[in-house]
Amino acid sequence: MSGSPAVVMRLVASAHTVAEKAGAIVRKVLHSGELGIVEKTGANDLQTLADRLAQQSICASLSRSFPKITIIGEEELPAEEIKEDLIEGGHSEEILQKTCPAEYSGLKEEELVVWVDPLDGTKEYTEGLLDNVTVLIGIAYEGRAIAGVINQPFYNYQLGAGASLGRTMWGMLGLGAFGFQLQEVPGDRRIVTTTRSHSNKLVTDCVNAMEPHEVIKVGGAGNKIIQLVEGKASAYVFASPGCKKWDTCAPEAILHTVGGKLTDMHGNAYCYNANVKHMNSAGVLATLRNHEYYVSRVPQSVLQALKSD
């Protein structure tokens, strides 16, 4: 490798370490027992001290290293001085050693948009369903999710004391996906994963229309995409405007890297430019394989209710 690493590779390498730091913050807040829960728009839309500190850490750390990138985070936080112990200046040496795909080697900081969900699955976090929780950092170029980092702060937590807690997976289009073992649901089984806490008739009707052999209800968009790439589910079906761009950017990049697909209910891609609206208004449909089958099964009532952006 000659010269210095491409900007986007440095950004992914930093995001990896920054996500791990955020994961450590999320664990620390939980262990302190002082979650500092506030309701944003209601009982199913919560924010904790972990959301706030993790976002401050991610945004401040990446801004310091990459001052010209656009960062869009879930939490609306007041502008304030960030404590130095929240700043992570390191990077993954392993990622820097990889060769940047040629199409992205010349990208500049100002062309990149970073979408941050500092704690995806906040409701589950407050309820002790810790494997649902993820930290999401997605990187977009020209409206497309091109790279993503997912940290699972409590991976292995069921194993109890002595287990190594947490893991980080990442992926980049044209390069590959790392930190997990890609698996598919065996045979022709249709296992649908969907929302645990944001269901309604439209959501349920759409899931049933897929004719699933099994339905799993869990929290967190990041967690559901992990289920797809690890062979626990074949489709993530959410026929409702609840997900936001920071929920889907990082997971979409990883899913697309391994040949999967994430679209709205009409089968249209979402755009991740800095100026797009944050809501994924037309729902989320994600699959590792056979995306067209699932799109074809979406009921007319859902398509009419959820207009594409």
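1. Strand S10, spanning 214-218, and helix H6, spanning 221-229, each contribute at least two residues to the lining of the second largest pocket. H6 gives the most, with three residues. The model discussed here is a predicted one.

2. The second largest pocket holds about 290 Å³ of space. Its lining is made of 20 residues, and those nearest the centre of the pocket are Asp131, Gln152, Gln158, Asn223 and Lys232. By class, the lining has seven nonpolar, seven polar and six charged residues.

3. Helix H6 also packs against another helix. Its axis and that of helix H7, residues 245-257, come within 9 Å and cross at roughly 15°. Angles under 35 degrees count as roughly parallel, and H6 and H7 are therefore roughly parallel to each other. Their crossing is right-handed.

4. Which residues of H6 and H7 make the contact? On the H6 side they are Ala221, Gly222, Ile225, Leu228 and Val229. On the H7 side they are Asp247, Pro251 and Leu255. Sorted by class, the contact of H6 with H7 comprises six nonpolar residues, one polar and one charged.

5. The crossing of H1 and H2 is right-handed.

6. H1 brings Leu11, Ser14, Ala15, Val18, Lys21, Ala22, Ile25, Val26 and Val29 to its contact with H2. From H2 come Leu49, Ala50, Leu53, Ala54, Ser57, Ile58, Ser61 and Leu62. How do the residues of this contact divide by class, and how many are charged? There are 13 nonpolar residues and three polar ones, with one charged.

How values were computed: Residues numbered from 1 in each chain as written. Predicted model: local features only at pLDDT ≥ 70, side-chain atom pairs only at ≥ 80, totals over all residues. Heavy atoms only, no water. 1 Å grid on protein atoms, 1.4 Å probe; cavity = no way out; pocket = protein on both sides within 12 Å on 5 of 7 lines; lining within 4 Å. Points joined across faces, edges and corners; volume = space filled by probe spheres on them. Helix = DSSP H or I, 4+ residues; strand = E, 2+ residues; numbered from the N terminus. Nonpolar A, V, L, I, M, F, W, Y, C, P; charged D, E, K, R; others polar. Axes fitted to C-alpha atoms, helices over the stretch in contact; angles between N-to-C directions. Parallel < 35°, antiparallel > 145°, perpendicular 65-115°, else oblique. Left-handed = near helix turned anticlockwise from the far one by under 90°. Contact = heavy atoms within 4.5 Å.
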